[in-house]
Amino acid sequence: MPIIEVNGLRKVYGGRAVVDGITFAVEEGEIFGVLGPNGAGKTTTVECVEGLRVPDAGEVRVAGLDPIRDHDRVTRFLGVQLQQSELQAKLTVREALEVYSAFYSRPADWRSLAERLGLTDRLDARFGKLSGGQRQRLSIALALIGNPKVVVLDELTTGLDPRARRESWKLIEEVRDSGVTVLLVTHFMEEAQRLCDRVAVINAGRIVALDSPAGLIDRSASAAVVSFIPSEPLGDDELAALPAVKSVERGDDDTLVISGTDETVSALMSMLAQRRITARRLRVTEGTLDDAFLDLTEQEN
Ligand SMILES: Nc1ncnc2c1ncn2[C@@H]1O[C@H](COP(=O)(O)OP(=O)(O)OP(=O)(O)O)[C@@H](O)[C@H]1O
């Protein structure tokens, strides 16, 4: 049985459905990413999973429980990254960690979490005096403090420097390896590619794709990009007629850059071979999750 099930979720604000029939299931032990442009409905969706917002229609289950009706039981095994405004400015890091540990019957060792997140030398600092990155790290520590079975991280590494970001990724991988399921809202494609087993791409309140990061790239309109300098000119019409071609660009030095799929690349290669055209400085690169994301979300914008 999936540990998180969202079925036909709908949430309406001011007569507008900002989440409009979202359905997905997360298996135990997965890192499941939720991607989408600003205002797509990501936070609204995960806050319905957390039981912080009441759906207007549809069903949400976490470990078989309704996060609204069974809120207390769900809270015991669901770790949530706090919004920064939820912590008092005068609380020290140590106090916050101690207070939050006391909510749980089997809390994690907060000292080791603080160490993993580089907060040990800030234990006596007040929350209000922390840098943005330190606040973010504290919110990750607090999400993990109850030894949750499921953790929801909304913009896990926003505001972190590259080193802290990588440290957080390692920590999340360790958390997953210990059997915890992670629901991760992110704007960073590199983060999604590195961490997520599967991602749902949300646009304008609907899921437009749900697959592994590699699967999304393969299926995207820009899965492969080929660049080369042909020994003889090639016409725009014949290039535009290649199967699944997405774009053709010409650089200053006669370089052609063609985006498409594997099918585009192999048709191009046969065309060059048949016409005995050689390709100088030939490079074929894989598309990125960034490209796939833009392809998937631009269709409806
Ligand atoms: N409490 C609310 N009242 C009215 N409108 C809301 C409320 N919460 C969210 N919205 C609207 O719903 C839409 C989706 O918001 P949501 O925060 O879920 O998007 P998001 O995908 O998380 O965006 P971002 O990437 O910018 O954080 C937005 O247009 C937002 O303005």
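Mentor: Begin with the axes, which are lines fitted to C-alpha atoms, for helices over the stretch in contact, with angles running from 0 to 180 degrees between N-to-C directions. Helices (H or I, at least four residues) and strands (E, at least two) are DSSP runs, numbered from the N terminus. This is a predicted model, in which local features need pLDDT of at least 70, side-chain atom pairs count only at pLDDT 80 or more, and totals for chains, interfaces and linings use all residues. Residues are numbered from 1 along each chain as its sequence is written.

Trainee: At what angle do the axes of helix α3 and helix α5 cross?

Mentor: The axes of α3 (residues 93–101) and α5 (residues 132–144) come within 10 Å and cross at roughly 20 degrees. Angles under 35 degrees count as roughly parallel, over 145 as roughly antiparallel, 65 to 115 as roughly perpendicular and the rest as oblique, so α3 is roughly parallel to α5.

Trainee: Which residues make the contact?

Mentor: Two residues are in contact if their C-beta atoms, placed from the backbone, lie within 7 Å; here V93, A96, L97 and Y100 of α3 meet L138, A141 and L142 of α5.

Trainee: What confidence does the predictor give the complex?

Mentor: The complex has an ipTM of 0.97 and a pTM of 0.84, while pLDDT, the predictor's confidence in each residue from 0 to 100, averages 91 over the protein chain, with 98% of the residues scoring at least 70.
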